[in-house]
Amino acid sequence: MDIVLAIQKARPNSQFTVGQTYDSLVWLDSSSKPTEAEVNAAWNLIKDDVAWNPVRAKRNDLLAKSDWTQLSDSSANKVAWANYRQKLRDIPQDFDKPEDVIWPTKPE
């Protein structure tokens, strides 16, 4: 669990310090300190998004690096590259878990 992200989800804009565990949480805010159960519940809400973040970052990087292929003066095979780029955009819908992602092969 990323406890910082979980606490930020449970109490947005709050001030605190924390180590690796809930027990190390020092509450510096005027709002009520979240319970450990609230922090765990907040983590359960965001953990899937957090797990997908590296996949989204790689996908966005690959899309950005292939933008040139769709320019009108590009000599790239536009259909092949458009298909590749669509497969990249479809990754979140096509795979249930980030660890299952199979990256499409770049056209030649």
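**Helices α1 and α2 in a predicted model**

Guide: In this predicted model, helices α1 and α2 cross in a right-handed manner.

Visitor: Which residues of α1 and α2 meet?

Guide: On the α1 side they are I3, L5, A6, I7, K9 and A10, and on the α2 side E38, V39, A42, W43, L45, I46 and V50. By class, this contact of α1 with α2 comprises eleven nonpolar and two charged residues, with no polar ones.

Visitor: Why are α1 and α2 called roughly perpendicular to each other?

Guide: Helix α1, residues 3–10, and helix α2, residues 36–65, pack at an angle of about 110 degrees. Angles of 65 to 115 degrees count as roughly perpendicular, and α1 and α2 are therefore described in that way. Their axes are 8 Å apart.

Visitor: What makes Q8 partly exposed?

Guide: Q8, which is placed in helix α1, has a relative accessible area of 41%. Buried means under 20% and exposed means over 50%, so Q8 falls in between and is partly exposed. The C-alpha atom of Q8 is separated by 8.9 Å from that of V39, 31 residues apart along the chain.

Visitor: How do you know that N13 is exposed?

Guide: The relative accessible area of N13 is 79%. Exposed means over 50%, and N13 is therefore exposed. N13 lies in the loop between α1 and β1, the latter being residues 16–17.

Visitor: What is the phi of N13?

Guide: Phi of N13 is near 65 degrees, which is a positive value in a residue other than glycine. Most residues other than glycine have a negative phi.

How values were computed. Residues numbered from 1 in each chain as written. Predicted model: local features only at pLDDT ≥ 70, side-chain atom pairs only at ≥ 80, totals over all residues. Heavy atoms only, no water. Axes fitted to C-alpha atoms, helices over the stretch in contact; angles between N-to-C directions. Helix = DSSP H or I, 4+ residues; strand = E, 2+ residues; numbered from the N terminus. Parallel < 35°, antiparallel > 145°, perpendicular 65-115°, else oblique. Left-handed = near helix turned anticlockwise from the far one by under 90°. Contact = heavy atoms within 4.5 Å. Nonpolar A, V, L, I, M, F, W, Y, C, P; charged D, E, K, R; others polar. Buried < 20%, exposed > 50% of the residue type's maximum accessible area, 1.4 Å probe, protein only.
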